[in-house]
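Please work through each task before reading its solution.

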Amino acid sequence: MNPENEHDPQNNFKFKLKALNLLFLAFLAIILDPFCTFSIHDLVQIIRHENFKTITISSFSLIFLVTLYFRNRRRKVYLLNFACYKPKPDQICSKERIMKIFAGTGKFTEESLAFQKKIMEKSGVGDKTCVPRAMMAVPVEKGIAAAKKETEEVMFGAIEEVLEKSGMKSKDIRILVVNSSVFNPAPSWSAMIVNRFKLRHDVLSYNLGGMGCSAGVIAIDVAKQLLQVHPRTYALVVSAENVTKDSYLGNNRAMLLSNTLFRVGGAAILLSNHPSDHHRSKYELVHTLRTHEGANDASYKCVHEEEDEQGTIGIALSKNLMAVAGEALKANISTLAPLVLPWSELLLVVTSLVARKFFTKKVIVFSPNFYI
C-alpha cells in the first residue's frame, strides 16, 4: 500500500494519533496555565476560602487526559526472538549433485542443463545448501503430499525452535500471520499451525498468499498494525516458500531460474507489545514501509505463475525483474529517509535541492549518509 495514499488506514491512524496528542497538549496547557505562577500562599488562600471546585475539576480533567493519552498512544512493538529452520544433513545438496538430479529427470535439454549450471555458478548458491527430499527422490516428486510435507517440516520446525528460545507456550500467542507465496493448500497454513500447536480458540489468524518475496515484510507489517489495537499481546509471524511445488521440469528459460535460485528455508518471528518485554527483546520495530508498484505493468508482469508451451507449470521471472526491484527500492528509500536520517543530513539534502532548482542545474543533489 502506498504510504502517501490519503486513504491508507495506517496513515489515517497516524493522523488521528497526532491530532489526539496535539489536543492533549493543548488541554494540558490550558489546565496548567493557572498553576504556572502558583505559590504556597495561593494554595492556602484557596483552601481557606473552601474553593475546591477549581482544583477538583482541574485534577479530574488532568487525570482523564493523561489516561486517554496513555491508552491511545502508539504502542511499541518488540522482536522477542526468531528462528530460521535448519534442514537435516541428508538434505544438503551440492551443485554437482543437483545437476545430476536435473539430468536424471530426463525433462531438460542439454541447453537447459547448461543454462541452469551457468546461472547456479553465478547466483552464489553454495555446496552446503539444502533441497527437499522430494527433489532427491527417483523419480522427482511434485505432488501435493510431498509439497505439504516439506512446508510442514519448515514451518513447524521454526515455530518449535522460536517458542523454545523464548520460553513461550503456544497458548500465549494471540495473533498469527503466515505467508507462503505459491503453495496454498486447503486447509490454510495458518489453520494447520493452529491445529498442530493447539493455539487458543480466539487467535487472530491470517494467511497471505501469492505476494512473492515481499510477503515476509508485509506479514511483519500486518502483525505490527494488529499489535497497535490489541494491548499486551504476542504475535507469531511465519514465513516460508515451497521448493517442491515451485520446481520446474521444462525448458522455458524464464522459468528455469527458480530451480537455481531457491532452496529449503523458512523463519518464525515472535513479536510483542508488552512493555515489560523491552529489556529482553532483541530489537524494537520502529518503521515498516511498503511501496506498491502493482499499477505498473512491468512490475505486475515481472513474476508470474503460468504454463509453458507443453503445459508444464512454473514461475516465470521477467528480464525486467532487477530494474523493477531497483525502482521499488528507490521509492522506498525516498520515503524512508525522512524517518531515519538526522536533521543535519536532511538539511543538506533540502539545501542542495533548493540550490539546484532556483540557482543552477550544476549543483549535485546531496546523497545522505545512511550509516550515521
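**Exercise 1. Confidence**

The mean pLDDT (the predictor's confidence in each residue, from 0 to 100) of the protein is 82, and 80% of the residues score at least 70. This is a predicted model, in which local features need pLDDT of at least 70 and side-chain atom pairs count only at pLDDT 80 or more, while totals for chains, interfaces and linings use all residues. Residues are numbered from 1 along each chain as its sequence is written, and side-chain values use heavy atoms, leaving out hydrogens and water.

Task: Determine where confidence is lowest and where it is highest.

Solution. 
- Step 1. The lowest mean, 55, belongs to helix 1 (residues 9-32), and the highest, 96, to strand 2 (residues 173-179). Helices (H or I, at least four residues) and strands (E, at least two) are DSSP runs, numbered from the N terminus.
- Step 2. Residues 1-10 have pLDDT below 50, and this stretch has 22 contacts (heavy atoms within 4.5 Å) in the model beyond near neighbours in sequence.
- Step 3. Where pLDDT is low, predicted coordinates should not be read in detail.

**Exercise 2. Architecture**

Task: State how many helices and strands the protein has, and what share of its residues is buried.

Solution. 
- Step 1. The protein contains 14 helices and 8 strands.
- Step 2. Of its 372 residues, 35% are buried; buried means under 20% relative accessible area, exposed over 50%, and partly exposed in between (1.4 Å probe, protein chains only).
- Step 3. Among contacts with a separation of 6 or more, 79% are between residues 24 or more positions apart.

**Exercise 3. Aromatic rings**

Task: Classify the pair formed by Phe156 and Phe197, and locate both residues in the helices.

Solution. 
- Step 1. Rings of Phe, Tyr and Trp (its six-membered ring) pair if their centres lie within 6.5 Å; planes under 30 degrees apart count as stacked, over 60 as edge-to-face and the rest as tilted. The count by this rule is 3 aromatic pairs.
- Step 2. The centres of Phe156 and Phe197 are 5.8 Å apart and the planes lie at 85°, so the pair is edge-to-face.
- Step 3. Because Phe156 lies in helix 7 (residues 144-166) and Phe197 in helix 8 (residues 189-197), the pair ties together parts that are 41 residues apart in sequence.
- Step 4. Phe156 is buried, at a relative accessible area of 13%, and Phe197 is buried at 10%.
- Step 5. The charged end of Arg196 sits over the ring of Phe156, 5.5 Å from its centre; the criterion is NZ of Lys or CZ of Arg within 6 Å of the ring centre and within 35 degrees of the ring normal.
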